[in-house]
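Take a look at the sequence and the model, then try each task before reading on.

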Amino acid sequence: MTLAIEQFLHTRRLPHIWCPGCGNGIVTGAFLRAMLDLGLTREKTVVVGGIGCSSRATGYLDLNTVHSIHGRAIAFATGIKMARPDFTVVVFTGDGDGAAIGGNHLIHACRRNIDITCILFNNQVYGMTGGQLSPTMNVGNKATTAPFGQVEPPFDLCKLVEGAGATYIARGIAGRVRQLEKLIKQGIEHKGFAFIEAVVPCPTEYGRRNAPANVVDMLESERAASIAKAKAEQMSPEELAGKIITGVLHQDGAKPEFQSAYETMATKVQAEEAVRIRKLREGVR
Ligand SMILES: Cc1ncc(C[n+]2csc(CCOP(=O)(O)OP(=O)(O)O)c2C)c(N)n1
Ligand code: SF4
């Protein structure tokens with residue numbers, strides 16, 4: 001049986017490099033189904049990945065893709081969106097790629113509110129390079145660089161991007177793929193910087209050192225910890241400890257989008273310049 005999403009896949013490159021049980025394929029599938037639902041075309045969709053297991057998804061997508069450099073996916077995507085505002089531009093990044101080395105690009109893309117959709121695969125570790133801690137790792141969890149447990153508090157990336165100015169912010173988990181698909185779809189439809197945090201299991205580099213190690217238990221524990229935003233709003237901070245709040249967490253349709261604002265300004269400057277040159281030619285002061 002051929003699945004509809006296969007039209008967007010380099011099937012000849014499969015099997016993929018991801019470990020059994022890795023959540024990256026689930027998120028990639030959710031994105032492709034969102035693409036199908038939205039009627040996006042291969043020709044007008046660009047996916048930019050950074051470097052990491054999650055960013056590696058770009059290699060399997062038969063779209064316009066860029067497998068860029070570590071931490072710089074948003075910078076590449078910004079250039080593409082400015083050159084081709086008619087394209088749907090999506091970034092695939094990891095918590096290391098997008099929030100550690102690439103954190104500065106992330107906050108400034110939010111501030112500008114450029115019309116890019118950023119899907120950040122959060123597995124709390126650097127999967128590709130052997131399980132170093134990332135800035136989203138929870139206190140007490142173990143990593144190769146935190147063998148006795150992480151002591152630094154993690155970023156709540158959805159709060160970080162809200163403070164930085166993103167105008168669509170959502171969180172989903174790999175264990176609830178239909179919701180994730182919907183959140184990605186809404187993010188793509190949103191005009192402005194859309195950030196979707198996808199909580200994914202990394203059974204190899206996270207699960208090797210932290211409970212639960214088994215991927216089914218990992219998905220189950222994420223599902224048990226996940227809680228809809230509306231319900232979370234009725235709960236105290238103590239009750240929310242350890243919970244994963246999901247759904248659309250913030251949306252603002254009023255803030256100007258960067259590329260459109262830039263184009264408006266450029267058109268105005270060009271018109272003023274044309275008048276100035278005409279007057280100069282006519283000898284008018
Ligand atoms: C400039 C630079 N520094 C470090 C690396 C090594 N490196 C490759 S991927 C990666 C971390 C990836 O972690 P994350 O973004 O969380 O993705 P995951 O593999 O977990 O999906 C690092 C540090 C690199 N490729 N380039
Ligand atoms: S190391 Fe982790 S993130 Fe990387 S492919 Fe394996 S399970 Fe996935």
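Please keep in mind that this is a predicted model.

**Exercise 1. Which residues does Asp 115 touch, leaving aside its neighbours within four places in sequence?**

Solution. 
- Start with the contacts. Beyond those sequence neighbours, Asp 115 is in contact with Lys 81, His 190, Lys 191, Gly 192, Phe 193 and Glu 257.
- A polar atom of the Asp 115 side chain lies 3.1 Å from the backbone nitrogen of Gly 192.
- Now place Asp 115 on the chain: it belongs to the loop between α4 and β4.
- Finish with its surroundings. Asp 115 counts as buried because its relative accessible area is 14%, and the cut-off for buried is under 20%.

**Exercise 2. Find the residues other than glycine that have a positive phi, and say where they sit.**

Solution. 
- Stay in the loop between α4 (103–112) and β4 (117–122), where you will also find Asn 113. Its phi is positive, at about 60 degrees, although Asn 113 is not a glycine.
- Move on to the loop between β4 and β5, which holds Gln 124. Here phi is near 70 degrees, again a positive value in a residue other than glycine.
- Gln 124 is buried too, because its relative accessibility is 14%.

**Exercise 3. Locate two cis peptide bonds.**

Solution. 
- Look at the segment before α1 (24–38), where Pro 15 is placed. The bond that leads from Leu 14 to Pro 15 is cis, and its omega is near 5 degrees.
- Then go to the loop between β8 and α7 (215–225), which contains Pro 212. Ala 211 and Pro 212 are joined by a cis peptide bond with omega at about -5 degrees.

**Exercise 4. Is Glu 197 buried or exposed, and which side chains does it reach with polar contacts?**

Solution. 
- Find the residue first: Glu 197 is part of strand β8 (residues 194–199).
- Its relative accessibility is 5%, so Glu 197 counts as buried.
- Now trace the polar contacts of its side chain. One, of 2.9 Å, goes to the side chain of Asn 122; another, of 3.1 Å, goes to the side chain of Arg 171.
- To complete the picture, set aside the neighbours within four places in sequence. The contacts of Glu 197 are then Leu 120, Asn 122, Leu 157, Cys 158, Ala 170, Arg 171 and Gly 172.

**Exercise 5. How many aromatic pairs does a search of the whole structure find?**

Solution. 
- The search gives four aromatic pairs.
- Take one of them, Trp 18 with Tyr 60: the centres are 5.5 Å apart and the planes make an angle of 70 degrees, which is edge-to-face.
- Compare their places. Trp 18 is in the segment before α1 and Tyr 60 in the loop between β1 (45–49) and β2 (64–67), so this pair links distant parts of the chain, 42 residues apart.
- Both partners can be checked for burial. Trp 18 is buried, with a relative accessible area of 11%, and Tyr 60 counts as buried at 5% relative accessibility.
- There is also an aromatic cluster, formed by Phe 31, Phe 92 and Phe 121.

How values were computed: Residues numbered from 1 in each chain as written. Chains lettered and ligands numbered in written order. Predicted model: local features only at pLDDT ≥ 70, side-chain atom pairs only at ≥ 80, totals over all residues. Heavy atoms only, no water. Helix = DSSP H or I, 4+ residues; strand = E, 2+ residues; numbered from the N terminus. Buried < 20%, exposed > 50% of the residue type's maximum accessible area, 1.4 Å probe, protein only. Polar contact = N/O pair within 3.5 Å; in protein donor to acceptor, adjacent residues only side chain to side chain. Contact = heavy atoms within 4.5 Å. Phe/Tyr/Trp six-rings, centres within 6.5 Å; stacked < 30°, edge-to-face > 60°.
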